[in-house]
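Below are my notes on the model, as numbered points. Please read them with the structure open.

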Amino acid sequence: MANQLKSRPQSIHGWVAEELGTRIVSGIYSPGEYIPNETTIGEELGVSRTALREAFKILTSKGLLESRPKLGTRIRPRKHWNMFDSEILSWCFESKPSPQFFISLFEIREIFEPAAAELAARNRSEEQSATLGAAYDAMEKAEIGTDAVFSSDLDFHMAVLDATNNEFMISLGMTIQTALMGLFRLSSAIAEEYVDSLPGHKAVYQAIASGDAAKAKIEMFQLLAKSKENLEYALKNLAKQPD
């Protein structure tokens with residue numbers, strides 16, 4: 001495993017936390033299992049005990065680890081992990097997560113994004129409406145096959161959240177930006193399906209811009225329903241591909 005270690009950043013303990021965190025979320029270290037003792041893992045990674053302990057503190061704060069007196073450091077059950085942590089989400093995407101991971105993430109979107117569209121229609125400023133319109137225009141102009149497809153989609157949905165002027169809703173969106181980008185890469189991967197999603201995005205934008213809260217909520221719900229179909233189709237195709 002040592003020859004597969006990632007290149008080290010300036011922060012050694014940050015690098016160790018990323019290395020161990022990736023191993024945990026990918027299942028190399030399983031919930032309930034104890035991390036190898038400090039001497040063993042320190043030698044493998046080529047780091048000091050101080051760096052290792054600082055990394056353990058980071059992972060403990062994220063809910064991934066717990067220290068047990070006289071026993072060692074153990075992986076906590078997955079239900080204790082802070083799945084809204086941006087680093088954990090990043091590590092999950094790097095580790096080829098299961099289809100259920102994507103579905104669970106999408107289910108969260110189905111809960112809060114229609115409500116966000118409704119709030120945005122009520123609370124948006126003229127400037128925020130213009131920003132949302134510009135985000136939609138960028139989606140229309142995005143060249144198929146480029147990262148602009150995914151980034152413009154993300155910008156649109158983040159603009160909706162920003163237009164709610166609700167600090168908790170905005171914070172939630174900022175927290176899971178990494179996850180949303182990963183979802184968009186899957187659900188918008190097929191050119192025809194991305195193009196087909198544009199009318200739905202436009203309908204959401206128009207409802208918010210016109211202040212029609214009820215319509216904005218319905219249009220977002222319908223947009224997400226179509227996107228979920230695309231995601232499930234993409235996951236089926238992904239499952240057929242060889243590793």
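1. Among contacts in the protein chain (heavy atoms within 4.5 Å) between residues at least 6 apart in sequence, 69% join residues at least 24 apart. This is a predicted model, in which local features need pLDDT of at least 70 and side-chain atom pairs count only at pLDDT 80 or more, while totals for chains, interfaces and linings use all residues. Residues are numbered from 1 along each chain as its sequence is written, and side-chain values use heavy atoms, with hydrogens and water left out.

2. Overall make-up. The protein chain has eleven helices and two strands; helices (H or I, at least four residues) and strands (E, at least two) are DSSP runs, numbered from the N terminus. Along the sequence the order is α-α-α-β-β-α-α-α-α-α-α-α-α. Taken along the principal axes, the C-alpha atoms fill a box of roughly 60 × 40 × 30 Å. Of the 243 residues, 43% count as buried. Buried means under 20% relative accessible area, exposed means over 50%, and partly exposed lies in between, with a 1.4 Å probe and protein chains only.

3. Nonpolar core. A nonpolar core is a set of buried Ala, Val, Leu, Ile, Met, Phe, Trp, Tyr and Cys residues joined through side-chain atoms within 4.5 Å. The largest one here has 69 residues, and Leu-20, Val-160 and Ile-208 have the most contacts inside it. Helix α5 supplies the largest share of this core, ten residues. Which residues does Val-160 contact, leaving aside its neighbours within four places in sequence? They are Ala-116, Ala-117, Ala-120, Leu-132, Ile-208 and Met-220.

4. Helices α2 and α3. The axes of α2 (residues 38-45) and α3 (residues 49-61) come within 10 Å and cross at roughly 105°. Axes are lines fitted to C-alpha atoms, for helices over the stretch in contact, and angles run from 0 to 180 degrees between N-to-C directions.

5. Helix α2 contributes Glu-38, Thr-39, Ile-41 and Gly-42 to the contact with α3, and α3 contributes Arg-49, Leu-52, Arg-53 and Phe-56. By type, the residues of this contact divide into three nonpolar, two polar and three charged. In this scheme Ala, Val, Leu, Ile, Met, Phe, Trp, Tyr, Cys and Pro count as nonpolar, Asp, Glu, Lys and Arg as charged, and the others, Gly among them, as polar.

6. Salt bridges at Glu-38. The structure holds 15 salt bridges, each a side-chain nitrogen of Lys or Arg within 4 Å of a carboxyl oxygen of Asp or Glu. Arg-49 forms one with Glu-38, the closest N and O atoms being 3.9 Å apart. Arg-49 is in α3 and Glu-38 in α2, so this pair ties together parts that are eleven residues apart in sequence. Arg-53 also meets Glu-38 in a salt bridge, at 3.1 Å from N to O. With Arg-53 in α3 and Glu-38 in α2, the parts tied together are 15 residues apart in sequence. Glu-38 is partly exposed at 22% relative accessible area, as are Arg-49 at 45% and Arg-53 at 43%.

7. Other salt bridges. Lys-217 pairs with Glu-118, the closest N and O atoms being 3.9 Å apart. This pair links distant parts of the chain, 99 residues apart, with Lys-217 in α11 (residues 213-240) and Glu-118 in α5 (residues 99-123). Separately, Glu-19, Arg-23 and Glu-44 are linked in a network of salt bridges.

8. Backbone points to check by eye. Most residues other than glycine have a negative phi. Lys-96, not a glycine, has a positive phi of about 50°. Lys-96 sits in the loop between α4 (86-94) and α5 and is exposed, with a relative accessible area of 70%. Asn-165 has a positive phi too, near 55°. Asn-165 is in the loop between α7 and α8 (167-175) and is partly exposed at 46%.
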